[in-house]
Amino acid sequence: MKNISILGSTGSIGIQALDVVRLHPDRFSVSALAAGANVELLERQVREFSPSLVSCSTEKVARELKTRLAGHNRPLWIGHSDEGLRRCTVAEDIDLVVGGLPGSAGLVPAFAAVEAGKDLALATKEVLVMAGRLFMDTVRQEGIALLPVDSEQSAIFQCLEGHRKSHVKRIILTASGGPFRDMPAPEMAYVTPAEALKHPRWKMGPKVTLDSATLMNKGLEVVEARWLFDVPPERIEVVIHPQSICHSMVEFDDGSVLAQLGATDMRIPISYALAYPDRIDSGAEAVSFPLLGALTFHEPDMVKFPLLKAAYDALAAGGSAPIVLNAADEVAVDLFLGGKIPFDRIAAIVMNCLNAIPCAPAETLKEIVSFHEYVTERVRADWPEFAK
Ligand SMILES: NC(=O)c1ccc[n+]([C@@H]2O[C@H](COP(=O)([O-])OP(=O)(O)OC[C@H]3O[C@@H](n4cnc5c(N)ncnc54)[C@H](OP(=O)(O)O)[C@@H]3O)[C@@H](O)[C@H]2O)c1
């Protein structure tokens, strides 16, 4: 029996991780659940999966959960905020942590999991964007299993199984291209939040859906892949693959290209990470290739989607540039969703921040967190300037 903690249990990744757990009660038991403010769903999850630890984002939400669970007859510790998250990550009986928190919120808990010696099924790509080198050093030092959940990284991880990394020629990340793949560039200024939140292939949380519409998500994945697989950026390529059936590929020295294909269903990479190295029923439907007909691939348009190029540029600049990329994007996406800026200003803010904010030393976790906070505050204060 594997004891699992799910950070972000009420989100897209968390809900689908619990779907997989539900299919395999003989294999997995839920030790801890941590979520933000969706107390109604969290209550249902606690009643169904009986964790011994649960955490919410604030004391107020934790109090409401306690009231709702007054008659619950299993031992349960209910905490909140950073300490609640920490306990749900490091408790002794936890074998594997699912990192499904969004953005920078997932950084410190991911380090806590690794430092506590827990295996980590990581969805939060921002951890590797903000702290790639330090995080991978910590993973190696602690000797834990880091299992990628992002479908592209899981595909690459699977293609690399049984092969020598020294034989890898190229990593080829696939991207659906998002909802505005075929929209003429001038029309992108008029895109509404509702339109940007409608992904053509995947059903995900708001931040990652928005990032898919700007192709920033693919840029973040380029940085993620660079650190996860220790491959330099010039050997990581992106291709647009609108059907989202081929989840990424690896080319080897002899010219062979291995790809991982499957339904557009996050339960596949999640189940692989939860049961690794076994393969278990994920609940996903089989792909019908005759029904699909054609799988197509083409180059991304980095002029129309400049944030993909910005991610390569941030990697080339090195140091703390990826922290600026990530923090500026988090604020810009919030501004767009809050109706303060048009869609095409998201890229403007991120690129202007990369040009204007000098790199700072960010080698320890403390330095990384404080530089992220500095950039976030600066972009929040000066966004009208950065959006020009
Ligand atoms: N969704 C996907 O298919 C997918 C695919 C690949 C990678 N990823 C990555 O996985 C991560 C999560 O994405 P998602 O789509 O699952 O996000 P999401 O649907 O927005 O879910 C986020 C989860 O985190 C919780 N949360 C947010 N802030 C929190 C805080 N401060 N403390 C505790 N809990 C907090 C939310 O709680 P409440 O809702 O209760 O407030 C929710 O449970 C992202 O880094 C994303 O890039 C996602």
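Student: How far apart do the C-alpha centres of domain 1 and domain 3 lie?
Tutor: They lie 27 Å apart in this predicted model; the domain bounds come from an automatic or database domain assignment. Because the model is predicted, local features need pLDDT of at least 70 and side-chain atom pairs count only at pLDDT 80 or more, while totals for chains, interfaces and linings use all residues. Residues are numbered from 1 along each chain as its sequence is written.

Student: Which domains does the assignment give for the protein chain?
Tutor: The assignment gives domain 1 (2-148), domain 2 (150-264 + 285-303) and domain 3 (318-388).

Student: How many residues of domain 1 are in contact with domain 3?
Tutor: Ten residues of domain 1 are in contact with nine residues of domain 3. Contact means that the C-beta atoms of two residues, placed from the backbone, lie within 7 Å.

Student: Which helix gives the most to that side of domain 1?
Tutor: Helix 6 does, with five residues. Helix 5 (107-115) and helix 6 (126-142) each supply at least two residues there. Helices (H or I, at least four residues) and strands (E, at least two) are DSSP runs, numbered from the N terminus.

Student: What is that side made of, by class?
Tutor: The side of domain 1 that touches domain 3 has seven nonpolar, two polar and one charged residues. Here Ala, Val, Leu, Ile, Met, Phe, Trp, Tyr, Cys and Pro count as nonpolar, Asp, Glu, Lys and Arg as charged, and the others, Gly among them, as polar.

Student: New topic: what is the strand order in the open sheet?
Tutor: Its seven strands have the order 4-3-2-1-5-6-7, with parallel pairing. Two strands pair if DSSP finds at least two bridges between them.

Student: Why is one side of strand 4 and of strand 7 left without a neighbour?
Tutor: Strand 4 (77-80) and strand 7 (146-148) stand at the edges of the sheet, and each has a single partner strand, so one side of each has no neighbour there.

Student: And how many bridges join strand 1 and strand 5?
Tutor: Strand 1 (residues 2-7) and strand 5 (residues 96-99) pair in the parallel sense over four bridges. In strand 5, L96 is the residue opposite I4.

Student: Which residues come nearest to the ligand?
Tutor: Of the 30 residues around the ligand, G8, G11, G36, M204 and G205 come nearest. A residue counts as near if its C-beta atom, placed from the backbone, lies within 6 Å. Helix 1 gives the most to this shell, with three residues.

Student: Which domains does the shell draw on?
Tutor: At least three residues come from each of domain 1 and domain 2.
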